[in-house]
Amino acid sequence: MWRAALAGCRLLRPVSAAAGLALRPEPPPRLAGAPHGGCAAARGTGGGGAGALGAVEEQRRQAADTVFPKFNIDFVVALLRQENAKDICVIQLPPGIKYCNYFIIVSGSSTRHLHAMAHYMLKMYKHHKEESDPHTQIEGKETDDWLCIDFGSIVMHFMLPETRETYELEKLWTLGSYDDQLAQITPQSLPEDFIFGLTPNSSDHLETRT
Amino acid sequence: QGLLRRSLSHSFLSFASITGARQAIQKLTRVRVVDNSALGNTPYHRPPKCIHVYNKTGVGKVGDTILLAIKGEKKKALIVGHKMPGPTVTPRFDSNNVVLIEDNGNPTGTRIKTPIPYILRRREGEFSKVLAIARNFV
């Protein structure tokens with residue numbers, strides 16, 4: 001179900017509306033409606049339910065969700081569409097996660113495409129920014145499948161589709177602690193004879209403690 | 001806070017709570033790999049050790065790249081927490097945590113289970129990818 005949502009060019013943009021759970025897809029007509037409801041609910045999981053999502057909508061209106069007035073999220077998404085980026089995924093993070101406001105993941109068709117997109121975004125940022133804003137660098141220039149740029153309140157990741165499938169960043173950032181990859185990596189539990197504060201000596205790591 | 005204070009001696013990979021040594025990471029330090037990569041999580045009879053620190057001084061702090069010897073192979077890694085107390089408003093961890101990365105900077109694992117210090121964002125370097133696969137920040 002979740003996979004089907006990524007099949008086409010998908011864009012999530014929350015819009016403040018009367019109902020709490022307001023999430024509508026942008027113009028490209030081949031978007032599916034149902035998975036967006038699921039993703040919006042999942043995004044609210046960190047806060048807890050539709051009420052928190054309504055509060056997030058309001059805060060988005062009031063808080064400065066732009067890097068600075070001109071270079072905001074709409075501008076970034078318009079540039080990406082202009083660049084023929086595939087599968088644009090914009091995730092708005094709740095203000096509890098103090099990482100950034102918007103988390104963007106973009107696929108490209110080839111390594112050159114990713115590099116071109118990243119350099120173009122950086123060029124537009126430099127063109128529009130004031131002197132008081134911090135400089136930004138492109139990270140991952142020597143890789144061929146994953147580049148990213150951190151613009152302060154917006155973080156963008158450019159990946160190839162295979163890399164995107166491996167890391168599944170959308171799942172991690174929308175589901176938070178309920179992510180299934182996270183659930184798979186922590187099957188370890190404390191053994192019955194664990195005493196807090198008592199450290200074993202160095203030879204103990206040879207025995208299996210389960 | 002309980003997550004930081006809880007010692008890691010419960011897992012079958014536990015080896016790092018040996019002495020109360022409070023130094024940062026240097027050569028021959030035993031480290032703990034905190035991502036879900038296969039190389040970091042399969043048990044081996046020797047713990048991963050640092051064999052080189054990519055730094056002018058040989059001491060690695062949070063955000064430095066080091067070279068690890070894991071399972072008989074050399075692998076680069078990024079330090080995400082150490083037992084040595086740093087500047088006052090930064091977290092101190094109970095184990096020397098490390099995330100495996102490739103030579104081109106991509107993380108080897110896909111998720112990180114421990115908290116990651118937020119100061120990585122301020123530092124010069126390529127940390128956005130590690131922050132993107134992290135679960136929570138400290």
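Buried means under 20% relative accessible area, exposed over 50%, and partly exposed in between (1.4 Å probe, protein chains only).

This is a predicted model, in which local features need pLDDT of at least 70 and side-chain atom pairs count only at pLDDT 80 or more, while totals for chains, interfaces and linings use all residues. Residues are numbered from 1 along each chain as its sequence is written, chains are lettered from A and ligands numbered from 1 in the order in which they are written, and side-chain values use heavy atoms, with hydrogens and water left out.

Helix H5 (residues 111–128) of chain A has 18 residues. From its first C-alpha to its last, H5(A) reaches 26 Å, close to the 26 Å expected at 1.5 Å a residue; the expected span is 1.5 Å times one less than the number of residues. Among the buried residues of H5(A) are A:Leu114, A:Met117, A:Ala118, A:Met121 and A:Tyr125. An α-helix has 3.6 residues a turn, so residues three or four places apart point the same way.

One of the covering elements, E6(A), has five of its five residues buried. In a regular strand the side chains alternate between the two faces of the sheet. In E6(A), A:Trp146, A:Cys148 and A:Asp150 point one way, and A:Leu147 and A:Ile149 point the other way.

Two strands pair if DSSP finds at least two bridges between them. E5(A) and E6(A) run antiparallel and are joined by two bridges, with A:Glu139 partnered by A:Cys148. Six residues lie between these strands, and A:Gly140 in the turn has a positive phi of about 95 degrees. E6(A) and E7(A), also antiparallel, are joined by five bridges, and A:Ile149 has A:Met156 as its bridge partner. In this hairpin three residues lie between the strands, and A:Gly152 in the turn has a positive phi of about 85 degrees.

Chain B has three helices and five strands, in the pattern α-β-α-β-β-β-β-α along the sequence. Of its 138 residues, 51% are buried. The five strands form an open sheet of mixed pairing, in the order E1-E5-E4-E3-E2. Strand E1 (32–33) and strand E2 (49–53) of chain B stand at the edges with a single partner strand each, so one side of each is left without a neighbour in the sheet. Within the sheet, strand E3 (residues 65–70) and strand E4 (residues 73–81) of chain B pair in the antiparallel sense over six bridges, and B:Ile70 stands opposite B:Glu73.

A nonpolar core is a set of buried Ala, Val, Leu, Ile, Met, Phe, Trp, Tyr and Cys residues joined through side-chain atoms within 4.5 Å. The largest nonpolar core has 30 residues, of which A:Tyr99, A:Phe103, A:Leu169, A:Trp173 and B:Val80 touch the most other members. Elements supplying at least two residues each to this core include E3 (86–92) of chain A and helix H3 (128–132) of chain B. A second, separate core of 27 residues includes A:Val77, A:Ile88, A:Val106 and A:Leu147.

Definitions and conventions
Helix = DSSP H or I, 4+ residues; strand = E, 2+ residues; numbered from the N terminus.
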